[in-house]
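Hello,

Here is the structure for you to look over. My notes on it follow below.

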Amino acid sequence: MITPLEHLSRNGRLGKFFIDGQWLEPKGSAKGVVVNPATEETVTQFALGNGEDVDAAVSAARRAFATWSRTRPEYRAGLLDRLRTLLEARSELFAQCLSLEMGAAIGYARSAQVPLAIAHVKVARDLLEAFPFVKQRGHTAVAQEPIGVCALITPWNWPLYQITAKVSPALAAGCTVVLKPSELSPLGALLFAETIEEAGFPNGVFNLVNGDGSCVGSALASHPDVDMISITGSTRAGIAVAQAAAPTVKRVAQELGGKSPNVILPDADLDRAVAMGLAAAFRNLGQSCSAPTRMIVPRAMLSNSESIAKRTADEIVVGDPLSEASTHGAIANRAQFDRIQTMIGVGIAEGATLVTGGEGRPAGLNAGFYVKPTIFSDVRTDMRIAQEEIFGPVLCLIPYDTVEEAITIANHTVYGLGAHVQGKNTDVVRDVASRIRCGQVHLNYPAWDPHAPFGGFKQSGNGREFGIEGMLEYLEVKSILGYF
């Protein structure tokens, strides 16, 4: 099978952007590099955009909006159906791309990163079947209309997943878009643009400009012809985007950082609660903003929790992302690898008990951004490792004496993105969930639901993605009095 790099090189995509239905040369000459996290080797260069490229993409989106916003929902649904079919047909190419540019284990890329991304396209398409774009309220029509040109900024940790989570509902709503993917994971976005092109979306409806946040991201956020900007990234990046967007009073949707709690109640099945909790925290090597990396356990169960967590961590196989034997691959980039190493050192210096893992690479791995799955116990909630987003496979076990204290610990964070609660008493589990200040709570490890709205309280952002709430973000409300 042809590799993603061979495919993109053969088609001449690496040095171009997709604007107004065409693959265009960039206005400038700046280049970025793609580094293979498994080897630390530079594998290719790609074009970085500038303000002129942004202007061209926004202008194309503005022109296309006039007609795209007036298309029938059935027409948009048909194109999304076509997009989903093509993504499914190219799923292995996307999986290989994820392993190459962000170090995802190939099994995980195939089983989670790609299929969950495709699910967002299906959800957006299905919403169009019955969505009431116009409702009657007495003699007034309350219309939901597309907000306009949307700039979408996506991260490196779930590259394809976050692209489809933003692009699909925006297009379904009747908006046109300009996508700026992370400069650390640009290849999958180029493949996605090719798929959009083949699906037959009209020119200018979808546009892609690669670039960094300080140049392309800032230009999009401040652009007077962009009506909305949606960003998934760090809280620092979200603040910068909001500040740049403020003078033009555009809508800003932010899905930002997290430090999610996992409250293990005294009646929980401890083996299941801890083992599945560790798996959830270390999913995607902990590089998820909603990863439940603060496991809050009854003090009397702390020792048993340590043993279960260590046993579960010992079953993790960190290694070559392309090996079928690897359950976890490499951290996505050098900066994140260094951040995780620093924070593991901080945890040791703060006096937390190191249960397993620690600094350095796993045994036998002398190159690549590989990290030891690490567990700290006896963690106090005022420690940096309990407060700061590490974004890696580092779990904090925090003991509590009463359920009230557990809830206080869960809420003792500037973030409020996700949370988990484990217990056998349904009423108690639901009550605890209702008292945690965050946007999404998982009770007893339920199945993933692509219709469940996702977003944060506090410094985890504002707005929602996924499901009908995700599409509502891209719609404006217009009331027409005397319509009926």
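The model is predicted. To start with the cysteines: C215 has a relative accessible area of 30%, so this residue counts as partly exposed, because that class lies between the limits of 20% for buried and 50% for exposed. C97, in contrast, is at 1% relative accessibility and therefore counts as buried. Searching the whole structure for disulfides gave zero.

Next, a pair of helices. The axes of α5 (residues 106-127) and α6 (residues 159-173) approach within 8 Å, with a crossing angle of roughly 5 degrees. Angles under 35 degrees count as roughly parallel, so α5 is roughly parallel to α6. On the α5 side, the contact is formed by Q113, V114, L116, A117, H120, V121 and A124. From α6 come P159, L160, Y161, T164, A165, S168, P169 and A172. Sorted by type, the residues of this contact are 11 nonpolar and four polar, with no charged ones.

Last, a sheet. Three strands make up an open sheet in the order β5-β6-β20, with antiparallel pairing. The edges are β5 (134-137) and β20 (475-480); each has a single partner strand, so one side of each has no neighbour in the sheet. From one strand to the next, the twist averages 25 degrees. Between β6 (residues 140-146) and β20, the antiparallel pairing runs over six bridges. If you want a place to look on screen, P146 stands opposite L475 in β20.

Regards

Definitions and conventions. Residues are numbered from 1 along each chain as its sequence is written. This is a predicted model: local features need pLDDT of at least 70, side-chain atom pairs count only at pLDDT 80 or more; totals for chains, interfaces and linings use all residues. Side-chain values use heavy atoms; hydrogens and water are left out. Axes are lines fitted to C-alpha atoms, for helices over the stretch in contact, and angles run from 0 to 180 degrees between N-to-C directions. Helices (H or I, at least four residues) and strands (E, at least two) are DSSP runs, numbered from the N terminus. Angles under 35 degrees count as roughly parallel, over 145 as roughly antiparallel, 65 to 115 as roughly perpendicular and the rest as oblique. Contact means heavy atoms within 4.5 Å. Ala, Val, Leu, Ile, Met, Phe, Trp, Tyr, Cys and Pro count as nonpolar, Asp, Glu, Lys and Arg as charged, and the others, Gly among them, as polar. Two strands pair if DSSP finds at least two bridges between them. A disulfide is a pair of cysteine sulfur atoms within 2.5 Å. Buried means under 20% relative accessible area, exposed over 50%, partly exposed in between (1.4 Å probe, protein chains only).
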